[in-house]
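Colleague: I would like to go through the terms used for this structure and see what stands behind each one.

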Amino acid sequence: INPHKVPRVIGKEGSMIKLIKDNTQTEITVGQNGYIWIKGSEEGERKAEDAIALIERESANDGLTSKVEKFLGVK
């Protein structure tokens, strides 16, 4: 991803990345250079990748956490 969007993927105090990890059962490492490593089941990896792509697309918009929660099916 664009390195400028890394803080949005990580979230305040790691909240966004934790949300993705917890709801996709994956291990995720985010590099400051924009590279992201995802390890888990094929389905979990795909869902995590799609969630990160959503964050990258919507990073300038309000309500990003709500959009990601809705995408991941968080109640």
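Colleague: Why is Val-74 called partly exposed?

Modeller: Its relative accessibility is 29%. Buried means under 20% relative accessible area, exposed means over 50%, and partly exposed is in between, with a 1.4 Å probe and protein chains only. Val-74 at 29% therefore counts as partly exposed. Val-74 sits in the segment after H4, where helices (H or I, at least four residues) and strands (E, at least two) are DSSP runs numbered from the N terminus.

Colleague: What is this taken from?

Modeller: This is a predicted model, in which local features need pLDDT of at least 70 and side-chain atom pairs count only at pLDDT 80 or more, while totals for chains, interfaces and linings use all residues. Residues are numbered from 1 along each chain as its sequence is written, and side-chain values use heavy atoms, with hydrogens and water left out.

Colleague: Which residues is Val-74 in contact with, leaving aside its neighbours within four places in sequence?

Modeller: Leu-19, Asn-23 and Glu-69, where contact means heavy atoms within 4.5 Å. The C-alpha atom of Val-74 is 13 Å from that of Ala-48, and these two residues are 26 apart along the chain. Between H4 and Val-74 comes Gly-73, with a positive phi of about 80°.

Colleague: How do you know that the buried residues of H4 are on the same side?

Modeller: The residues in question are Leu-64, Val-68 and Leu-72, in a helix that spans residues 64-72. They cover an arc of only 65° around the axis, which puts them on the same side of H4; the arc is that of the directions from the helix axis to the C-beta atoms. An α-helix has 3.6 residues a turn, so residues three or four places apart point the same way. The buried residues of H4 pack against H1 (6-10), H2 (15-24) and H3 (42-58).

Colleague: What makes the buried residues of H2 line one face?

Modeller: Met-16, Ile-17, Leu-19, Ile-20 and Thr-24 are buried in H2. Down the axis they fall within an arc of 155°, so they line one face of the helix. Their cover includes H1, S1, H3 and H4.

Colleague: Why is H3 called roughly antiparallel to H4?

Modeller: Their axes come within 10 Å and cross at roughly 155°. That makes H3 roughly antiparallel to H4, because angles under 35 degrees count as roughly parallel, over 145 as roughly antiparallel, 65 to 115 as roughly perpendicular and the rest as oblique. Axes are lines fitted to C-alpha atoms, for helices over the stretch in contact, and angles run from 0 to 180 degrees between N-to-C directions. On the H3 side the residues that meet H4 include Lys-47, Ala-51 and Leu-54, and on the H4 side they include Val-68 and Phe-71.

Colleague: What makes H2 roughly antiparallel to H3?

Modeller: H2 and H3 pack at about 155°, with their axes 9 Å apart. An angle over 145 degrees is what the term requires, so H2 is roughly antiparallel to H3. Met-16, Ile-20 and Thr-24 of H2 make the contact, with H3 residues that include Gly-44, Ala-48 and Ile-52.

Colleague: How many bridges join S1 to S2?

Modeller: Four, and the strands run antiparallel, with S2 at residues 36-39. Two strands pair if DSSP finds at least two bridges between them, so four are enough. Glu-27 has Lys-39 as its bridge partner, and Ile-28 stands opposite Ile-38. The hairpin has five residues between the strands, and Gly-34 in it takes a positive phi near 100°.

Colleague: Why are Glu-13 and Gln-25 called exposed?

Modeller: Glu-13 has 81% relative accessibility and Gln-25 has 62%, so each counts as exposed against the limit of over 50%. Glu-13 lies in the loop between H1 and H2, and Gln-25 in the loop between H2 and S1. Most residues other than glycine have a negative phi, and most peptide bonds are trans. Phi is positive at Glu-13, about 55°, and at Gln-25, near 50°.
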